[in-house]
Amino acid sequence: MLEASAAACIVTLAATPIVIVGMRRMAAIDEVTARSSHQVPTPRGGGIAVVLGLFAGIGLAVCIPGPGDARDLLSLTIGIAPFGLIGLVEDLSGIAPPRRLALHVTAAVVAVTAVRGAVLDDPVPSGTTVLLVTIIAPVWITAFVNVFNFMDGINGISVTTAVLAGAAFTVLGAVQHVDAITTGGALTAAAALGFGPFNFPRARIFLGDVGSYSLGAAIALLAVRAVLAGIPVETALAPTALYLADTAWTLLRRVRAKEQWYLPHRTHAYQRLTTAGWSHTRVTGLVGVLTAVLVALGFAADGPLPVRLLADTAAGLVLLGYLNAPQRVAAGRPPPRHSRAVPARPHPSPMPAASPMPAASPTPAASPTPAASPTPAASGVAAIPSQRRPTNPDRTDRTDGTRPLGDAGRSH
């Protein structure tokens with residue numbers, strides 16, 4: 001497993017610079033729009049390198065004798081490949097949403113068929129297993145692939161989640177003695193880790209649809225495989241809980257606000273945190289820490305009923321705190337600094353009419369006083385003395401990096 005994981009990471013690391021050049025030449029660039037979280041055009045499609053790394057690791061794991069069933073690993077390949085191809089076409093030329101959804105459902109059915117053939121050795125499976133494999137699993141895979149794609153909006157967030165999810169499944173498979181989950185999780189984490197330096201903290205390339213679809217499919221399939229192995233649902237879904245909660249809550253909030261929920265937007269909790277002033281690094285760090293906490297609570301849920309209930313309650317509180325974080329951050333942010341009017345200095349008292357300066361000299365040419373030091377009236381300025389306005393430290397055109405609240409999002 002170590003050799004295969006190293007291969008997945010190294011292949012991804014080596015292939016990503018080549019993919020960057022290729023995507024630039026094919027003009028597969030994410031331009032800056034009103035919904036963008038980045039401020040410079042950035043190539044997409046970096047997930048090509050991730051898929052190559054995954055497949056290299058799986059191929060080596062199948063060839064090297066050791067623990068793990070080759071059928072399970074090959075089923076993971078069959079499940080990931082269709083989603084990767086769909087994402088690649090989407091990155092290069094685009095696919096209409098109805099057709100894209102139909103392709104996702106078809107790819108999910110293919111993936112579930114592969115998993116079913118690899119894990120259902122019982123000739124007479126239970127009714128629950130049949131329901132899971134035939135109905136729930138395709139819906140779950142289709143939904144989570146899109147959820148993972150929706151959440152891939154800032155630097156490093158999906159790479160971090162994929163690394164944590166893969167590591168969680170690696171440990172879970174080792175504890176439950178399911179080698180396919182152990183190896184699949186390790187390969188997923190390694191491939192995502194190899195892509196990380198190019199996407200975080202500064203993004204030289206994005207995962208694109210090919211990357212988010214492939215990693216989403218890998219994580220969804222590992223969760224299905226875990227549930228089929230008898231692992232509690234909370235434990236199997238713990239690495240995905242934050243992504244699921246953010247997407248579900250955002251959808252519900254938009255529906256209740258009578259918005260056109262199916263249109264693109266920028267109102268996920270993690271996006272609202274960046275709008276409130278947090279950097280991509282800070283938001284990604286928060287998501288990573290909370291995902292690790294949820295994974296730990298998921299492991300605790302695989303225990304006695306009282307412990308399971310306590311762990312589930314704690315996980316719910318963690319998710320609730322995350323969903324309310326944007327509102328708290330926005331409320332605690334200091335108000336924007338606006339330009340304050342500079343108070344006008346009082347004008348000097350007018351000179352007494354009885355003794356005007358110009359009239360005191362009968363010969364203007366003989367007295368240089370008016371030319372050398374003209375009075376306000378002589379200078380043509382309507383009784384306003386020449387003076388420099390004092391510097392105002394609260395102006396909004398500061399150059400020290402501080403921006404008013406209304407400014408655009410921060411740069412990558």
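**Entry 1: Helix 8**

I began with helix 8, which has 21 residues and spans 30 Å from its first C-alpha to its last, close to the 30 Å expected at 1.5 Å a residue. I note here that the model is a predicted one. I then looked up how much of the helix is covered: 19 of the 21 residues of helix 8 are buried. Just after helix 8, I found glycine 230 with a positive phi of about 95°.

**Entry 2: The nonpolar core**

I next looked up the largest nonpolar core, which has 83 residues. Among those with the most contacts inside this core are Phe83, Ile141, Phe144 and Phe169. Which helix gives the core its largest share? I found that helix 8 (residues 208-228) does, with eleven residues.

Residues up to four places away in sequence aside, phenylalanine 83 touches His104, Ala107, Ala108, Ile141, Val145, Tyr213, Ser214 and Ala217.

**Entry 3: Helix 2 against helix 8**

I recorded that two packed helices are described by the angle between their axes and the distance between the axes. For helix 2 (residues 47-63) and helix 8, the axes come within 7 Å and cross at roughly 35°. Helix 2 contributes Gly47, Ile48, Val50 and Val51 to the contact, and helix 8 contributes Val210, Gly211, Ser214 and Leu215.

**Entry 4: Threonine 142**

I located threonine 142 in helix 5 (residues 127-151). Is threonine 142 buried or exposed? Its relative accessibility is 8%, so threonine 142 counts as buried, the cut-off being under 20%. With neighbours within four places in sequence left aside, I listed the contacts of threonine 142 as Leu101, His104, Val105 and Ala108.

**Entry 5: Glutamine 176**

I turned to glutamine 176, which is found in helix 6 (residues 157-176). Glutamine 176 has a relative accessible area of 29% and is therefore partly exposed, since that class lies between 20% and 50%.

What does glutamine 176 contact beyond its neighbours within four places in sequence? I found Ile231 and Asp302. With aspartate 302, the side chain of glutamine 176 makes a polar contact, side chain to side chain, at 2.9 Å. I also looked up the separation of glutamine 176 from alanine 226: the two are 50 residues apart in sequence and 9.1 Å apart in space, C-alpha to C-alpha.

Technical notes
Residues are numbered from 1 along each chain as its sequence is written. This is a predicted model: local features need pLDDT of at least 70, side-chain atom pairs count only at pLDDT 80 or more; totals for chains, interfaces and linings use all residues. Side-chain values use heavy atoms; hydrogens and water are left out. A nonpolar core is a set of buried Ala, Val, Leu, Ile, Met, Phe, Trp, Tyr and Cys residues joined through side-chain atoms within 4.5 Å. Buried means under 20% relative accessible area, exposed over 50%, partly exposed in between (1.4 Å probe, protein chains only). Helices (H or I, at least four residues) and strands (E, at least two) are DSSP runs, numbered from the N terminus. Contact means heavy atoms within 4.5 Å. Axes are lines fitted to C-alpha atoms, for helices over the stretch in contact, and angles run from 0 to 180 degrees between N-to-C directions. A polar contact is a pair of N or O atoms within 3.5 Å; within protein, one must be able to donate a hydrogen and the other to accept it, and residues adjacent in sequence count only if both atoms are side-chain atoms. The expected span of a helix is 1.5 Å times one less than its number of residues.
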